Amino acid sequence: DRSNNITGEGIDIMLTIDISGSMLDKDFEPNRLEAAKQTMSQFVQERPNDRLGLVIFAGESFTQCPVTLDHAVLIQQIGILTPELLLPGTSIGNGLASAVNGLRNSTAKSKVIVLMTDGVNQPNEGLNIKPEKAIELANLYNIKVYTIGIGSKGKALRPMQQPDGTVVDVLTDVEIDEALLEKIAAATNGKYFRATDNNTLKNIYKEIDKLEKSKIE
């Protein structure tokens with residue numbers, strides 16, 4: 001059965017993205033989230049033989065789209081992402097754990113998570129999974145994690161709602177937990193990347209694309 005054959009040889013990839021409010025910072029064109037959505041959609045289109053899915057996280061995490069070969073549906077789900085979908089916060093542990101959960105029953109030859117965040121692990125109150133625990137789970141299921149820190153060096157403009165309802169751009173420090181992202185990548189045989197503008201972000205996805213090529217003849 002050819003279809004089974006393809007899934008066995010393909011790679012299952014869970015795109016995992018932080019959609020917290022700071023992803024609207026304007027150090028990317030037009031902002032981090034939109035730049036990331038564009039780049040992820042492009043990445044999906046260039047991998048027709050692989051199953052890809054989408055996990056989103058902020059103060060909590062959610063599987064927006066399980067791994068699928070129906071890339072049109074996945075791209076549509078990427079397209080609708082906004083920070084309003086989840087509680088505020090940055091729970092990197094929850095995001096990683098949800099992504100692992102979505103891949104643990106996969107029979108693909110290679111299981112990969114591409115996790116992108118622009119922040120420091122700040123979980124919302126409630127159910128919170130420590131990043132170390134999520135790393136253990138990724139290793140248990142033999143999943144490789146590529147991590148991406150998205151944000152310029154220094155400061156970035158963030159749209160902030162004022163008491164009178166207007167929105168004003170405020171200069172905010174860019175703070176990314178690079179140590180944690182490096183730790184996750186190193187522990188799972190992945191790689192950590194830092195995206196500082198639209199161009200570096202595109203190149204990172206191109207590099208991950210090259211690193212994870214399907215063995216389909």
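## Helix pair H2 and H3

In this predicted model, the axes of H2 and helix H3 (residues 71-79) come within 9 Å and cross at roughly 175°. Angles over 145 degrees count as roughly antiparallel, so H2 and H3 are roughly antiparallel to each other.

H2 contributes Lys37, Met40, Ser41, Val44 and Gln45 to the contact. H3 contributes His71, Leu74, Ile75, Ile78 and Gly79. By class, the contact residues of H2 with H3 divide into 5 nonpolar, 4 polar and 1 charged.

Most peptide bonds are trans. The bond from Glu29 to Pro30 is cis, and its omega is near -15°. Pro30 sits in the loop between strand E1 (11-18) and helix H2 (32-45).

## Positive phi at two asparagines

Most residues other than glycine have a negative phi. Asn142 is not a glycine, yet its phi is positive, at about 60°. Asn142 belongs to the loop between helix H5 (131-140) and strand E5 (143-150). With a relative accessible area of 64%, Asn142 is exposed, because exposed means over 50%.

Asn189 also has a positive phi, of about 65°, without being a glycine. Its place is the loop between helix H6 (178-187) and strand E8 (191-195). How buried or exposed is Asn189? Asn189 is exposed, with a relative accessible area of 64%.

Key:
Residues are numbered from 1 along each chain as its sequence is written. This is a predicted model: local features need pLDDT of at least 70, side-chain atom pairs count only at pLDDT 80 or more; totals for chains, interfaces and linings use all residues. Side-chain values use heavy atoms; hydrogens and water are left out. Helices (H or I, at least four residues) and strands (E, at least two) are DSSP runs, numbered from the N terminus. Buried means under 20% relative accessible area, exposed over 50%, partly exposed in between (1.4 Å probe, protein chains only). Axes are lines fitted to C-alpha atoms, for helices over the stretch in contact, and angles run from 0 to 180 degrees between N-to-C directions. Angles under 35 degrees count as roughly parallel, over 145 as roughly antiparallel, 65 to 115 as roughly perpendicular and the rest as oblique. Contact means heavy atoms within 4.5 Å. Ala, Val, Leu, Ile, Met, Phe, Trp, Tyr, Cys and Pro count as nonpolar, Asp, Glu, Lys and Arg as charged, and the others, Gly among them, as polar.
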